[in-house]
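Reader: I would like to learn how to read the packing of helices, the pairing of strands and the contacts of side chains in a model such as this one. Could we take the features one at a time, with the general idea before the case?

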Amino acid sequence: MENKSFIRWAKISLILVYLVIIAGATVRMTGSGMGCPDWPKCFGYYIPPTDVQELLWEPNHDYEKGQVIIKDEKLWVADKDFKSTDVYNASNWNEYTKHDYAVFNVYHTWTEYINRLCGALAGIACLILFIRSFKYWNSKKSIVLWAGIVLFLLGFNAWLGATVVYSVLNPVKITTHMIAALFNVAALIYLIHLAKNKPTVTKYDKAFYLVAWISLIFTLVQIGLGTQVRQFIDEQTRSGITDVMLWLENPDVTFYIHRTFSFVILFVNLYLFLRNKRLNLGNKIINWVMILLIAEVVTGILMYYIHFPFGTQAAHLILAALMFGLQVNLILEMRKKA
């Protein structure tokens with residue numbers, strides 16, 4: 001019973017980590033990455049403001065240490081608890097120095113805040129999972145180890161999220177943030193397999209297993225390339241190009257590599273699909289991988305030829321993340337049996 005309960009909690013943790021990825025994709029799609037310019041609070045609040053007036057200096061107002069205001073297009077942080085007088089006193093405030101971004105947009109702020117809430121929920125779930133893993137200390141220490149790795153990866157990714165904010169959305173850090181989230185998914189899936197400890201009905205085939213690993217690595221590379229394409233689009237919008245029909249009118253070389261590489265990934269997975277059928281290996285996951293891969297190609301086509309219909313950007317990333325999880329499962333099922 002304890003084993004089933006632990007696996008159930010591990011699956012809940014996995015769902016919550018995927019929820020963080022979905023929320024992060026929404027943040028990226030809506031350009032809300034700087035909706036909360038500080039971390040872990042949001043404009044100095046645990047629950048962010050809903051109106052810019054809450055961030056403007058006011059006379060005869062009670063301020064708490066750490067509270068943030070926007071003044072002269074800069075962020076200022078209260079250095080102590082105090083009540084303001086009729087005149088602004090600069091000695092009560094310290095300039096926020098991690099970056100110079102000082103814009104409030106309620107839509108962006110709450111989109112990013114919900115993303116952080118999802119991260120907090122996933123963190124609590126993974127902490128509970130780690131505590132519960134000690135039931136296996138005498139019987140299977142590897143489960144405790146991997147539950148610890150899951151918790152560490154989630155904490156590490158939270159720290160990466162902070163560095164993304166402090167860097168004002170540095171593209172390399174955004175990509176690293178995304179890849180780290182996928183490693184968290186892989187660690188949780190492996191933990192679930194360890195806890196299940198039951199034989200699979202699939203047959204081992206060396207060629208299939210090796211190509212499955214290649215496919216997984218290709219998916220990671222493709223997701224990384226995709227984040228760079230998204231960065232190019234962000235740069236287009238920041239330069240004043242708001243017409244979606246013009247975003248990819250003159251794309252850089254990364255876009256063409258990303259598009260061409262999608263065909264490589266399609267053919268590699270088609271090989272796995274056909275080999276599984278021909279040798280009757282008994283793997284059903286590859287069928288779902290192909291379905292998600294086709295859906296991934298369709299969303300890519302929609303973005304390029306129909307100019308980014310609403311939700312396609314987020315769906316494109318989420319489908320890739322789901323496919324990655326399935327591929328990890330596929331490899332674990334197809335390993336050579338001891």
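Author: Let us start with a pair of helices, and with the general idea that two packed helices are described by the angle between their axes and the distance between the axes. Here helix α5 (residues 206-238) and helix α8 (residues 312-333) pack at an angle of about 160°, with their axes 10 Å apart, and α5 is therefore roughly antiparallel to α8. Axes are lines fitted to C-alpha atoms, for helices over the stretch in contact, and angles run from 0 to 180 degrees between N-to-C directions; those under 35 degrees count as roughly parallel, over 145 as roughly antiparallel, 65 to 115 as roughly perpendicular and the rest as oblique. This is a predicted model, in which local features need pLDDT of at least 70 and side-chain atom pairs count only at pLDDT 80 or more, while totals for chains, interfaces and linings use all residues. Residues are numbered from 1 along each chain as its sequence is written, and side-chain values use heavy atoms, with hydrogens and water left out.

Reader: What is the hand of the crossing of α5 and α8, left-handed or right-handed?

Author: The crossing of α5 and α8 is left-handed, a term used if the near helix is turned anticlockwise from the far one by less than a right angle, with right-handed used if clockwise. The contact of α5 with α8 divides into 14 nonpolar, four polar and one charged residues, where Ala, Val, Leu, Ile, Met, Phe, Trp, Tyr, Cys and Pro count as nonpolar, Asp, Glu, Lys and Arg as charged, and the others, Gly among them, as polar.

Reader: At what angle do helix α2 and helix α3 pack?

Author: Helix α2 (residues 106-133) and helix α3 (residues 141-166) pack at about 160°, with their axes 8 Å apart, and are therefore roughly antiparallel to each other. α2 passes α3 in a left-handed crossing. In this contact G123, L127 and F130 are among the residues of α2, and A147, G148 and L151 among those of α3; by class the contact has 12 nonpolar, three polar and one charged residues.

Reader: Turning to the strands, what is the order of the open sheet?

Author: In a regular strand the side chains alternate between the two faces of the sheet. The open sheet here has three strands in the order β2-β3-β5, with antiparallel pairing, and two strands pair if DSSP finds at least two bridges between them. Helices (H or I, at least four residues) and strands (E, at least two) are DSSP runs, numbered from the N terminus. The edge strands are β2 and β5, each pairing on one side only. Strand β2 (residues 68-71) and strand β3 (residues 74-78) pair over four bridges; V68 has V77 as its bridge partner, and K71 has K74. In their hairpin, with two residues between the strands, D72 takes a positive phi near 55°.

Reader: Which residue forms a salt bridge with K74?

Author: Side chains of opposite charge can pair when their charged atoms come close. E95 forms a salt bridge with K74, the closest N and O atoms being 3.8 Å apart, the definition being a side-chain nitrogen of Lys or Arg within 4 Å of a carboxyl oxygen of Asp or Glu. The pair links distant parts of the chain, E95 in strand β5 (residues 93-95) and K74 in strand β3, 21 residues apart.

How values were computed:
Contact means heavy atoms within 4.5 Å.
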